[in-house]
2 protein chains.
Amino acid sequence: MKGIILFGHGARNAEYIQPFKRIQALVAAKQPDVPVEIGFLELTQPPLEASIECLAQRGVTQVKVVPIFFAPGRHVLKDLPELLSNAMDRFPGIDFEVAACVGEVDAVIEAMAGHAVAT
Amino acid sequence: MKGIILFGHGARNAEYIQPFKRIQALVAAKQPDVPVEIGFLELTQPPLEASIECLAQRGVTQVKVVPIFFAPGRHVLKDLPELLSNAMDRFPGIDFEVAACVGEVDAVIEAMAGHAVAT
């Protein structure tokens with residue numbers, strides 16, 4: 001079974017999670033049979049590890065991690081692979097895949113440009 | 001004259017700026033008469049202050065700062081207002097406006113959800 005994790009940076013304020021929850025709700029609406037979790041690098045709960053564990057407990061064997069980052073920097077190129085390396089040791093029955101950062105996607109770039117012009 | 005600044009966090013790797021340049025190019029294509037600059041909080045050049053100065057030198061009197069952030073955290077709620085407060089002292093002839101974070105915008109949320117599902 002497939003599962004999706006929206007991987008974000010995290011921040012100190014509680015409202016920070018709201019956009020991630022909105023993405024999660026839309027993804028769940030588009031693919032009701034695919035469990036989708038949110039996991040953060042730091043500061044905001046839950047951490048990525050907990051989201052992986054949550055999917056593992058639901059029987060997920062393929063996890064697609066979607067970096068909710070504008071561009072691949074240290075967090076995506078170094079921190080995320082390290083976290084996934086540990087997860088692979090812990091959950092040898094799960095295959096992990098990392099999608100492109102959302103900020104590298106044409107439709108997202110277009111929507112951001114539209115916002116910059118419109119507001 | 002109006003101007004736009006795409007305000008990003010910044011990162012250590014040079015490729016990080018690419019998505020910002022793509023947004024900038026699209027905005028410039030949509031509004032050729034409105035100068036649009038990129039400015040970062042840290043690590044990536046140019047800093048926000050330099051972008052504001054660039055627009056000031058071009059005669060811009062209204063600057064719209066668009067936070068290329070997923071959600072308002074400390075950088076948008078604390079660091080950005082401090083930077084703009086300093087800029088207002090330095091450039092009293094410029095009006096500053098801060099748009100919503102791109103991650104709070106329906107079309108951006110929808111595009112990110114589409115990426116999570118599609119890839």
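Biologist: Which residue stands opposite Leu6(A) in E3(A)?

Modeller: Strands of a sheet pair through backbone hydrogen bonds, in either a parallel or an antiparallel way. In this predicted model, the residue opposite Leu6(A) in E3(A) is Val66(A). E1(A) and E3(A) run parallel and are joined by six bridges.

Biologist: What does E3(A) pair with over four bridges?

Modeller: That would be E4(A), again in the parallel sense; E3 covers residues 62-67 of chain A.

Biologist: Is E3(A) mostly covered or mostly uncovered?

Modeller: Mostly covered, with five of its six residues buried.

Biologist: How do I put the strands into an order, and which ones stand at the edges?

Modeller: In chain A the order is E2-E1-E3-E4, an open sheet of four strands with parallel pairing. E2 (36-40) and E4 (95-98) of chain A each have a single partner strand, so one side of each has no neighbour in the sheet. Direction ignored, neighbouring strands here are turned by 25° against each other on average.

Biologist: Which helix packs on that sheet?

Modeller: Helix H2 of chain A, residues 48-57, which touches E1, E2 and E3 of chain A. The direction of H2 makes about 155° with that of E2(A).

Biologist: And what is the strand order in chain B?

Modeller: It reads E2-E1-E3-E4 in chain B, an open sheet of four strands with parallel pairing. The edge strands are E2 (36-40) and E4 (95-98) of chain B, each pairing on one side only. From one strand to the next, the twist averages 25°. E3(B) and E4(B) run parallel and are joined by four bridges, and in that part of the sheet Val65(B) stands opposite Val98(B). Helix H2 of chain B (residues 48-57) packs on the sheet, touching E1, E2 and E3 of chain B.

Biologist: Back to Leu6, then. Which residues have the most contacts inside the largest nonpolar core?

Modeller: In soluble globular proteins, nonpolar side chains tend to be buried together. Here the largest nonpolar core has 75 residues, and those with the most contacts inside it are Leu6(A), Met112(A), Leu6(B) and Met112(B).

Biologist: At what angle do H4(A) and H4(B) cross?

Modeller: Their axes come within 8 Å and cross at roughly 175°. An angle over 145 degrees counts as roughly antiparallel, and H4(A) and H4(B) are therefore roughly antiparallel to each other. Among the residues making the contact are Val108(A), Met112(A) and His115(A) of H4(A), along with Val108(B), Met112(B) and His115(B) of H4(B). The contact residues divide into eight nonpolar, four polar and no charged.

Biologist: Now the loops. Which peptide bond is cis in chain A?

Modeller: Most peptide bonds are trans, and most residues other than glycine have a negative phi. The bond joining Gln45(A) and Pro46(A) is cis, with omega about -5°. Pro46(A) lies in the loop between E2 and H2 of chain A. In chain B, the bond from Gln45(B) to Pro46(B) is cis, with omega near -5°.

Biologist: And where do I find a positive phi in a residue other than glycine?

Modeller: Look at Leu43(A), where phi is near 70°. Leu43(A) is also in the loop between E2 and H2 of chain A. With 15 other C-beta atoms within 10 Å, Leu43(A) is partly exposed. In chain B, phi of Leu43(B) is near 70°.

Note on methods: Residues numbered from 1 in each chain as written. Chains lettered and ligands numbered in written order. Predicted model: local features only at pLDDT ≥ 70, side-chain atom pairs only at ≥ 80, totals over all residues. Axes fitted to C-alpha atoms, helices over the stretch in contact; angles between N-to-C directions. Helix = DSSP H or I, 4+ residues; strand = E, 2+ residues; numbered from the N terminus. Parallel < 35°, antiparallel > 145°, perpendicular 65-115°, else oblique. Contact = placed C-beta atoms within 7 Å. Nonpolar A, V, L, I, M, F, W, Y, C, P; charged D, E, K, R; others polar. Pairing = 2+ DSSP bridges. Core = buried A, V, L, I, M, F, W, Y, C linked by C-beta atoms within 7 Å. Buried ≥ 20, exposed ≤ 12 C-beta atoms within 10 Å, placed from the backbone.
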